[in-house]
Amino acid sequence: MHSRFDAFIRLRPPVSGELPLTHATDGFTLREVLDTDCLRTQECSVFGGERLVYCFLGRAAYRANADEPPNALLAYAPVYFVLKPSTNLLPKRVFPFDTGGFIKFQEAMHHRMVVADFSLDPGNDSGRRVIHVYFGSNRRYIDNEPNAEPEIPALAFEARGFHSLITDRQRNSYDDRVSAIEVQFDRDVPLPGLAEAVVLPSVLLDDPAIKAKFAEWGAQPLPYDLVARFKPVEYVSQIRTLIRDYLIGKGYLD
Amino acid sequence: MIDCEPSDVASVSYVELYGYHNLTGQLPSFVLPLFADRSRHNALFVQHVNRENIVTGFGQVDAVGCRTISRRAGPSVGDEFWAAFEWDPDDYVIARASDLTKLLIARRMPETTMTSPFLHLAIVDFCNLHDYRGAALAAAFKSLETASGDYALYWRDSIILLPALRRALADLVREQIPHRHPAERKDYLLRCIDDVRVGRRRTYPIFALPAEFLSVVEADARGWEHILSRIRKLAAFFGVEDILVRVGASGPLQDSQGSVVEYRHLFQKLNKALSDRELIERRFWLGTDQDPEDLPNLLDRIRPGLVETLEFEYIYDRGVKEAKNRFVRCAHCGRRHHYRGYVLQYPDGRRVLVGKDCGRAYYGLWFHQKEADFGAQLSRARALLKLQRVASLLPAAAKELSTVLEGEWCDRALALGRTLRMQFPNLWRRLQATSSGRLLVSTRVRDAEAEAAQDARIDREIERRARDAGYADQDEYVRRNRSLVGTDESLRKKPIYKTEPREFGRLRGYRYLATSVSEPKRRLANMLQDLDRSGKELRALQTDTLSTEALRGKLKNVQRLTSAIERVLSGLMECGSFLDASNLKTLADWANALKSGEGIYTVENGLLSLRIPSGRMFTLEATFSPVPNISALGELGRALET
């Protein structure tokens, strides 16, 4: 059964060009990933304890604003995996936003709307269709610059609600996770040949085993300066720009 | 795992140290100091720090697994920020950044972390050790290279050089804009800094700035030069000879009405910069038989305001005889008075012809950069073509040299030299003393100059004696004292002679003499090995990883080698000229004219002989096989010279 939001999205064409997936973790978890060569599923409280791997389409989604630092220490030593867009793994679910933040997003929606009302067909290029309707291009999606007036039928409340949410510049309680397309997998995601880049604190590259592992996976390291991250003012110019530059350099945003 | 949801926090202006968290699990390492507000013991804080390293506030975090070390001290808003470093769980320091800097230096951390290049770099940056930074960057680059050259180049260009250029450009905009533009313009330009890109052409970085920065760059040429020199200096730490920066169409361009027009992103073009194969095949020059004005899709005039979207396509020169010295119409000035210029193309394929002088005079920095880039492509294409041709000629040249060395010709030439030295040692010695084959003999001739000086001295002496004897006229004195003057030796005007070298003739094949004693065969054998090696190297060369200068360097090496081979071979080949009968006759005549008394030299039936006074004969059979064919080596030499 399709959600009402998906019923609206599936009739729209996908944006041209694919984006890679990103997965966020931290320095500690990286060690486990290096040992197992895959992103392991973890129990998720939002979806009733299911074991899932969370990814986002293209974005380093937890990005903090320059004047609003992340409030968990996880955010101080993040490690991001950038995964090739073409994967044989079929997602379990796809949503147009970070479901973890849905409680906050509800403020901009009808109070009876629930997460499931926004679930998208995981096998139908749904993410690219959302980008086409709401952003017009991958570049605008990455820069979180939504289209001002997409054509949305009057009764497509979910679609309209989502548009209000992503274009709301007055509210500061949620960041760009509100429009970061979430892709969930219910099985471990193998990294060799699939990981194309890894964002990590530069000091971790002193470990020859890490460098060797990246070479084995074929993943470009994108190191950032951890010491500078102790100063929140440097955040934006570090990780966000790192990934954006990487996507542009690889032609994902052409 | 440390994670939590955001929560609203009342502002805090003073916190006390609570502990620290090692974010990467590495040791030694910088760690994150955590603070607590005394009034709310459950809340942990990190510092917000501005660019001047001053605490501007505190942000609440939730954490588990952190090290607790409560202390009644901590930063307040407005203080210098605190930093922390952990050597091991029993050895850590949390202090003001400046105090930690002193301690790290005192504990020689910059020196002792050289084996961990990225930690070393972090320490160098934290402690602001500018003198160490170059070596630290180079070491980190090398360390990444061990995993992959591409990783290292990406890190150098995208993570070190690009942010440095962006920061410098942002500073320039901030400095410049208050005086020249409204605030929106500044914000717009600062946003455009995200569109500054870096690409790579072979191993050196190439930066692309959106066209919006043309005005910024042109308004402060000195500031811009300063930025470039800083980036060049930074790049030099990685052994980068130079960087290329292009300011041009990139990202959204604003047209004169203020609406945003999307143009093809310049960076796409840079990323798709022509490969060496494409460069070899690319046509740069319009032939002298092709009139640029006959090209299809030609516009009469430049499209207003869209100059920066043009790409250089061809160069033409109609100022030569073959092109009938015809002026070409210029799409800038509209007149037909340029011989030389460029065919430029818009993204939609339409072309314009712009005279060289108009382009340089009216399109400023953009044109210069594009022209320089076009010129660089042209010059690389030439180097590549030359390299390709030289690589194809090298095997035949090496084979030819090998044949020469294995043949009898070389041994025969050397044997003749040895015979000449042994049979005619005196002649050999005299030949060595001659210059470039000029055969000289000494001749006795009157020294007119010395004689004139002698005559003048005698005349002065007679004049003095006449004066002393009271004669008004010196002729009168001489007449009256003829016997005295006639017998005085000092007043006698005698002929004076001198020895003068006279060119007797010119010896052909003189270089053979010098070459034959310089171990030519061994040297040629070594050079053959080098030639073989060069051929293999050039054929296997991955030119895309080399700068044009490096390509030229490779060609120069082959050219030096080829010239050396040519010098030795041509020296030996002069053996034939040297042993020519008429040349030997000149040599024999010259040796006899020297009148050294060693004997009589003769040349008969190709035999050079010396009969010494005792009647003994020394001979050199002057026969020599034809010189070998070295056309392949000659062709290689010509290919290298063009």
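Predicted model: local features only at pLDDT ≥ 70, side-chain atom pairs only at ≥ 80, totals over all residues.
Chain A contains nine helices and ten strands, and of its 254 residues 52% count as buried. In chain B the secondary structure amounts to 22 helices and 22 strands, with 32% of the 642 residues counted as buried. When contacts with a separation of 6 or more are considered, residues 24 or more positions apart account for 77% of them in chain A and for 65% of them in chain B.

The contact between the chains draws on 35 residues from chain A and 45 residues from chain B. On the side of chain A that touches chain B, at least two residues each are supplied by helix 2 (27–36), helix 7 (208–217), strand 10 (220–224), helix 8 (226–229) and helix 9 (235–249) of chain A. By residue class, this side of chain A consists of 22 nonpolar, seven polar and six charged residues.

The largest nonpolar core comprises 141 residues, and those with the most contacts inside it are Y80(A), V198(A) and V199(A) together with L32(B), F45(B) and A122(B). Helix 5 (residues 149–180) of chain B makes the greatest contribution to this core, giving eleven residues. Because domain 1 (1–107) and domain 2 (169–272) of chain B both give residues to this core, it lies between them. A second, separate core has 47 residues, including L524(B), L531(B), L587(B) and L636(B).

Within chain A, helix 6 (residues 157–167) has E158(A), A159(A), G161(A), F162(A), H163(A), L165(A) and I166(A) as buried residues, and the buried residues of this helix pack against helix 1 (4–9), helix 3 (102–105) and helix 4 (126–134) of chain A. S164(A) also belongs to helix 6 of chain A, but S164(A) counts as exposed because it has 10 C-beta neighbours inside 10 Å, and 12 or fewer such neighbours define that class. The C-alpha atoms of S164(A) and M109(A) are 8.3 Å apart in space, although the two residues are separated by 55 residues in sequence.

In chain B, three strands form an open sheet with the order 13-16-17 and antiparallel pairing. Strand 13 (311–317) and strand 17 (351–355) of chain B each have a single partner strand and stand at the edges, so one side of each is left without a neighbour in the sheet. Neighbouring strands of this sheet are turned against each other by 25° on average, direction ignored. Strand 16 (residues 340–345) of chain B runs antiparallel to strand 17 of chain B and is joined to it by five bridges; Y342(B) is placed opposite V354(B) in strand 17 of chain B.

Further along chain B, strand 21 (residues 607–611) presents L608(B) and L610(B) on a covered face, whereas L607(B), S609(B) and R611(B) form an uncovered one. Strand 21 of chain B pairs in the antiparallel sense over five bridges with strand 20 (residues 600–604) of chain B, and likewise in the antiparallel sense over five bridges with strand 22 (residues 617–621) of chain B. S609(B) is the bridge partner of T602(B), and in strand 22 of chain B the bridge partner of S609(B) is T619(B). The hairpin of strand 20 and strand 21 of chain B has two residues between the strands, and N605(B) in this hairpin takes a positive phi near 50°. In the hairpin formed by strand 21 and strand 22 of chain B, five residues lie between the strands, and G615(B) in the turn has a positive phi of about 100°.

How values were computed:
Residues numbered from 1 in each chain as written. Chains lettered and ligands numbered in written order. Contact = placed C-beta atoms within 7 Å. Helix = DSSP H or I, 4+ residues; strand = E, 2+ residues; numbered from the N terminus. Nonpolar A, V, L, I, M, F, W, Y, C, P; charged D, E, K, R; others polar. Buried ≥ 20, exposed ≤ 12 C-beta atoms within 10 Å, placed from the backbone. Core = buried A, V, L, I, M, F, W, Y, C linked by C-beta atoms within 7 Å. Domains from an automatic or database assignment. Pairing = 2+ DSSP bridges. Axes fitted to C-alpha atoms, helices over the stretch in contact; angles between N-to-C directions.
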